[in-house]
Amino acid sequence: MKVVWGVLTMNLEGTPAIKFIKLGDGGKWEDACINKQQVIRLGYESPFHEDSLKGNWDPVWNFWFEARNQKRGPASSALNQIKDFYEQPEETVWITFRSGLMYWCQAEADVSERRDDECKGARERKVKGRWSCHDLNGKLLSTDTIDGRVTKVQGFRGTICSVDQQDYLLRKIRGETQPDIIKINETLSTLEKQIEGLIKGLWWHDFEILVDLIFSQLGWQRVSVLAKREKDLDLDLMSPVTGERAFVQIKSSTNEGQLKEYIEKFTSGYDHYDLFYFVFHTLNGNVNTSYYQNNEIKLWDSSRLAKLVIKAGLVDWLIAKRS
């Protein structure tokens with residue numbers, strides 16, 4: 001048993017089935033099911049709840065065969081979805097989508113019938129714990145980070161259906177890294193270390209050009225030239241999106257005393273700037289850089305720069321400089 005983000009996870013071991021469930025036409029029951037009542041809910045109202053509980057599916061089939069104008073395909077589809085709701089075990093993982101997030105839960109086996117006017121005739125199963133839109137590590141399950149072969153079920157016209165990529169999705173919910181991503185991350189980590197070495201071998205002037213190119217690729221616009229027009233300022237930047245101004249000081253090699261000096265200059269004499277970036281590739285001495293960083297002061301070391309070189313598409317430029 002494991003409690004994570006308010007979800008009581010009874011059994012996510014092995015390979016439980018995963019089912020998509022649409023919570024009402026147009027998602028009309030999403031808020032009630034997910035935020036208020038902690039249930040999964042099925043429409044398909046028919047007078048055969050007791051038969052369904054007993055697994056006596058013939059009268060249910062006959063009802064939906066007539067309700068679907070004696071068309072076997074639509075009747076079978078309705079029956080199969082109802083059977084899934086009644087018969088899926090407690091280990092089954094149910095997913096749904098709301099406001100750009102994937103929610104998931106497991107549900108108790110007991111099925112009840114609503115008799116109130118709000119959704120009379122609907123069937124419900126209580127959720128174990130709560131619905132969650134996070135994986136077991138607490139990471140948000142945003143639809144833009146989920147394989148499209150999973151999220152395509154949002155277009156399903158019925159209520160319950162199976163989901164493709166079930167092994168992938170279980171790993172996603174468990175917060176496990178996908179096997180192919182593990183290999184890529186290992187390769188990327190090696191590449192970043194190699195890029196760090198290249199950065200540290202740059203001539204100081206080329207290092208300044210690299211930093212300038214990184215900021216440019218990230219959308220910053222240079223207000224003044226790279227040359228030392230002001231003795232304390234290497235780059236004067238502006239963000240055309242936010243209107244923020246940034247003071248950038250670049251040092252290929254530095255120390256804690258120099259770092260403190262420039263932070264003091266920024267905080268005491270550059271009120272018209274919103275941000276201060278202190279960029280370096282080598283920091284001499286044992287320095288706790290996180291102590292100096294906040295919302296206004298950013299420290300970029302060789303590790304951070306290596307990631308940005310990749311993100312900004314500057315690997316070829318760096319290789320050419322060092323070749």
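Select Glu113 to begin: this residue is partly exposed, with a relative accessible area of 23%, where buried means under 20%, exposed over 50% and partly exposed in between, using a 1.4 Å probe and protein chains only. This is a predicted model, in which local features need pLDDT of at least 70 and side-chain atom pairs count only at pLDDT 80 or more, while totals for chains, interfaces and linings use all residues. Residues are numbered from 1 along each chain as its sequence is written, and side-chain values use heavy atoms, with hydrogens and water left out.

Next, select helix α8, residues 204-217; helices (H or I, at least four residues) and strands (E, at least two) are DSSP runs numbered from the N terminus. Among its buried residues are Phe207, Leu210 and Ile214. Asp206, buried at 14%, meets Lys321 in a salt bridge of 3.4 Å, N to O, and this pair links α8 to helix α11 across 115 residues.

Move on to strands β11 (residues 235-238) and β12 (residues 245-255), which run antiparallel and are joined by four bridges, pairing being assigned if DSSP finds at least two bridges between two strands. Within this region, Leu237 has Ala246 as its bridge partner, and Arg245 forms a salt bridge with Asp236 at 2.9 Å between the closest N and O atoms. Finish at Gly243 in the turn of the hairpin, where phi is positive at about 80°.

Definitions and conventions: The expected span of a helix is 1.5 Å times one less than its number of residues. A salt bridge is a side-chain nitrogen of Lys or Arg within 4 Å of a carboxyl oxygen of Asp or Glu.
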